[in-house]
Amino acid sequence: MDFCYIEDIGKHEGEKVTLKGWLYNKRSKGKIHFLLVRDGTGIIQCVLTKGEVADNIFNTSDELTQESSLEVTGTVRQDQRAPGGYELNLSDLKIIQIAQDYPITPKPHGTTFLFDHRHLYLRSRRPHAILKVRNELIWAIRNYFYKNKFVLIDTPLLTGSVGETTSTLFETQYLNEGKAYLAQTGQLYLEAAIAAFGKVYCFGPTFRAEKSKTRRHLTEFWMVEAEEAFYDNDDNMDLQEDFLIFIVNWILEKCQEELKELERDISPLEKVKKPFYRISYDEAVEKLKKAGSKIEWGTDFGGEDETILTKMFDRPVFVYNYPKKARAFYMKPHPTRDDVVLCADLLAPEGYGEIIGGSQRNDDYDSLVQRIKEENLPLDAYKWFLDLRKYGSVPHSGFGLGVERTLTWICGLSHIRESIPFPRTIYRLYP
RNA sequence: UCCCGAGUAACUCAGUCGGUAGAGUAGGUGGCUGUUAACCACCCUGUCGCUGGUUCGAGUCCAGCCUCGGGAGCCA
C-alpha cells in the first residue's frame, strides 16, 4: 500500500506520507492555502505555503473545488491550530478529478434536499458519524449472538404465507406460483429452526407496506430476531435485557467520537444497566390514565402514550402481557387469564418507545389452530408451522429488535430516516 | 386515509397595504503568510409549484390541483 489513512496519522508524526481522498473544504489566506481533506476515516488539514512548495503545486490547489478527489503527500506535524490536532505540510498534490458544482455546501440545507442527495450526503459529517455507529451496532448484535452460541438462520425474504396478520405487505407475482409477499418477519421460520439448533437468530431487511407517515417508520428496515427453545416469557426478557446492555456498552466503548460529533448526551445510555423496569400492560394503562391519556384497556399504545410512559423511567422498561386482541395469533395465552397473552415490548427511554417486541409462543397444537381460525387465516398456509407443534413441541420464546429504531435512540436522532444509508419511506424510493 | 404547514435564484430564506424581484451562501474575478462555516471588494444567478379567476396591475387576494414536510391512524 502506497498511502495511509487519516485515522492512523498519529503513528506517522514527522514522516512523509501520502493520503488519498476528497476535498472537504478549503480556505485561503493568499499565500497560504488550507485544504481540509477527508478519506472516509477522518479529516485532516493540509497546508500549502507559497515559497515552501513548488509554484506549480501551489497553483494547482487554486483549481480544487469542494469534493474533488485528490492525492496529497506531505509531512505529518502536530499543530494545535489544526482541527484534529495534526496537519500535513504538503510537498505534492495531484488532482484525480475536479468536482463541478457539488450541491451540498457547508451551509444549512433542508431535509428534502439532503435526502434527494443522499448518495452525496453520506459524505457529510453527521450521516457519516451515524452510519459508523450503525456499523458498530450491527457488529455488536452479531457478536452478542455468536458469543452466546445462537446459530444464524437466514430466513426467506419472499414468502407465501404471511407472518403476522395486522400489517400490510408488499406483494409481487412469483413466477407461476401465485402471489409472494416481502417478509415482515422471519420468526415463523426461526420457530422451525429451534428444534434443530436450540437458540437461533436471523438478521435481515423486513418490509411493511403501511402508509405510515411518522418519524418512527420506514417501509424497509432491518430487524434482528432471536428465538430460544425452552425459554419462557421471563427468560426471554432476561435475555433481551442482557442483549441490550451488551450492545449499548459496546457503542459507548467504540463510538465516543461519533456520539460527540452528534452531540449526543450519553448519560441516559450510561444508565442502561440491570434491572430494567418491568410493568404489566394493566399497570401501564393505569399510569397513562393518571397522566391524562385517553387510552382504553384493550388497545395498543399510541406514539404519544409511549412517549409519556418512557419519560416516567430513566432506564428501558418492559411492558408485558398485552391484551390478546391487540397481539398476533402465535402468542401464548396467559395460563390463568383469557384476555391477555404472554408477551413483552421493550420501550427505550427519553420518549423513544418500542425497540423490541417479544413473546412466548403458543406451543399447543389445538389452541393454535383455534387462534388461526379466530383470525380467519388460511389453515393450509400454516400447515408446516402447525407441524412444529406435533413433533416434539416445547415451550419457546423470541423477540425482534428494530435496528433503525435502536440506532435512532442510541444516537439521539429526531427522525428514523437518518439511521439507514438509503431510507425507504412512504414517499421516497430515490436515490 | 384524515388534520395542520410549506412551495420565490443551485441552496437557506426575506418580500410590509396588491404597484412590476432581494439578502446570505454556492459559483466567477481580484486582494490577503495561520485560516477554523475564514475574511474584504466587485460580478453573475428567477417558469415566484401548476391551472384558472378577481383586478388597470397578483409572489401577494380567491378557487382547484400537484409536490413535499410534520402529526394522527397503522406498525417495529
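Predicted model: local features only at pLDDT ≥ 70, side-chain atom pairs only at ≥ 80, totals over all residues.
Residues are numbered from 1 along each chain as its sequence is written, chains are lettered from A and ligands numbered from 1 in the order in which they are written, and side-chain values use heavy atoms, with hydrogens and water left out.

Chain A contains 13 helices and 16 strands; helices (H or I, at least four residues) and strands (E, at least two) are DSSP runs numbered from the N terminus. Along the principal axes, the C-alpha atoms of chain A fill a box of roughly 85 × 55 × 40 Å. Of its 431 residues, 49% count as buried, where buried means under 20% relative accessible area, exposed over 50%, and partly exposed in between, with a 1.4 Å probe and protein chains only. The chain is divided into domain 1 (6-97) and domain 2 (118-419), with bounds that come from an automatic or database domain assignment. The centres of domain 1 and domain 2, taken over C-alpha atoms, are separated by 46 Å.

Among the atoms of RNA strand B that come within 4 Å of the protein, sugar and phosphate account for 46%. The residues of this surface divide into nine nonpolar, 15 polar and 20 charged. In this grouping Ala, Val, Leu, Ile, Met, Phe, Trp, Tyr, Cys and Pro are nonpolar, Asp, Glu, Lys and Arg are charged, and the others, Gly among them, are polar. At least two residues of the surface near RNA strand B are supplied by each of strand 1 (16-28), strand 2 (32-38), strand 3 (43-49) and helix 2 (111-116). Strand 1 gives the most, with three residues.

A polar backbone atom of Gly110 is 3.2 Å from a phosphate oxygen of RNA strand B. Sugar or linking oxygens also take part: one is 2.6 Å from a polar side-chain atom of Glu354, and one is 3.5 Å from an N or O atom in the side chain of Glu210.

Open space in the protein can also be traced. Rolling a probe the size of a water molecule over the atoms shows where empty space is left. A pocket is defined on a 1 Å grid over the protein atoms alone as an open set of points where a 1.4 Å probe fits, with protein on both sides within 12 Å along at least five of seven lines; its lining residues have an atom within 4 Å of a point. The second largest pocket has a volume of about 890 Å³, the volume being the space filled by probe spheres set on the points, which are joined across faces, edges and corners. Its lining holds 29 residues, with Thr41, Gly42, Ile43, Glu257 and Glu258 nearest the centre. Strand 2, strand 3, helix 4 (125-147) and helix 7 (256-261) each give two or more residues to this lining, and helix 4 has the largest share, six residues. By class, the lining has 10 nonpolar, eight polar and 11 charged residues. Because domain 1 and domain 2 both give residues to the lining, the second largest pocket lies between them.

Some features of the backbone remain. Most residues other than glycine have a negative phi, and most peptide bonds are trans. The peptide bond from Lys274 to Pro275 is cis, with omega near -10°, and Pro275 lies in the loop between helix 8 (267-270) and strand 12 (277-280). A cis peptide bond also links Tyr430 to Pro431, with omega near -5°; Pro431 is placed in the segment after helix 13 (403-411).

Asp101, although not a glycine, has a positive phi of about 55°. It lies in the loop between strand 5 (86-97) and helix 2 and counts as exposed, at 72% relative accessibility. Leu175, also not a glycine, has a positive phi of about 45°. This residue belongs to the loop between strand 8 (171-173) and strand 9 (179-182), and its 68% relative accessibility makes it exposed.

How values were computed: Near = heavy atom within 4 Å. Polar contact = N/O pair within 3.5 Å; in protein donor to acceptor, adjacent residues only side chain to side chain.
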